[in-house]
Amino acid sequence: FDQMTAQLGGVWDTLLAEGRRFWITSTSDSHRNIDMGGADFWPGQYSKTYVLARHDSADIFDGLRQGRMFAVTGDLIDTLDLQVETDGAAPATMGGTLQATAGAQLTVRVSLTVPERANFNGDRNAIDHVDVIAGQATADGAPEMTVHTVRAAQWRQTGNRIAFDLTLPAPETRGFVRVRGTSNAQIEPTPDVAGEDPWQDLWFYSNPVFLELVR
């Protein structure tokens with residue numbers, strides 16, 4: 001995935017901490033497919049963007065504009081629901097904003113499914129861990145980041161559905177929550193090396209839920 005998204009506290013997190021609605025999508029820039037001796041995949045063969053929308057072009061574009069989507073490689077997952085809530089407020093989802101009071105406790109609810117069928121490489125995927133990433137603005141402009149890693153021992157699994165809840169403190173200033181997950185044991189995504197098998201390095205990334213303080 002793009003290094004500006006993959007780098008914790010990097011360019012994307014800085015934009016989010018500033019309150020900028022800068023959404024991510026996964027792209028398929030295909031020139032010469034691997035079936036033709038090249039190194040590219042067909043659109044959707046390796047990377048996909050899932051948008052929460054009706055089967056209607058206008059609603060799909062609205063979902064893209066509002067951040068109601070997540071990006072995934074290698075069909076690691078095919079659904080993702082991220083909700084953040086606090087007492088007395090309706091939950092906010094990807095692309096949305098939750099208003100919370102200083103010192104409040106936030107409940108992060110995550111639910112996802114791993115596809116039942118094999119991906120285009122013939123693999124049946126499994127998730128190694130999911131990261132709940134929280135960021136908030138600081139005086140010097142660099143986002144303050146925290147990562148909470150959730151593994152199989154901490155989540156509930158029914159069939160191919162994985163779910164878990166996590167409690168976090170509200171940020172001292174404006175902030176955001178996003179999630180990512182992977183098929184491998186890497187703590188942080190590492191740069192690809194020449195000849196690396198992309199099917200052994202799968203990730204998904206949600207768009208964020210923004211947090212704003214009310215006094």
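## Whole chain first

Among contacts (heavy atoms within 4.5 Å) with a separation of 6 or more, 66% join residues 24 or more positions apart. Before clicking on, note that this is a predicted model: local features need pLDDT of at least 70 and side-chain atom pairs pLDDT 80 or more, while totals for chains, interfaces and linings use all residues. Numbering runs from 1 along each chain as its sequence is written, and side-chain values use heavy atoms, with hydrogens and water left out.

Colour by secondary structure: you'll get three helices and 13 strands, which are DSSP runs numbered from the N terminus (helices H or I, at least four residues; strands E, at least two).

Now zoom in on helix H3, residues 57–66. Aspartate 56 caps its N-terminal end, with a side-chain oxygen 3.2 Å from the backbone nitrogen of alanine 58. After H3 comes glycine 67, with a positive phi near 80 degrees.

## Select serine 111

Next, hop to strand S6 (residues 105–113), where serine 111 sits. Is serine 111 buried or exposed? Buried, because its relative accessibility is 16% (buried is under 20%, exposed over 50%, partly exposed in between; 1.4 Å probe, protein chains only).

Show its neighbours: leaving out residues up to four places away in sequence, serine 111 touches Thr79, Leu80, Asp81, Arg161, Ile162 and Ala163.

Note on methods: Polar contact = N/O pair within 3.5 Å; in protein donor to acceptor, adjacent residues only side chain to side chain.
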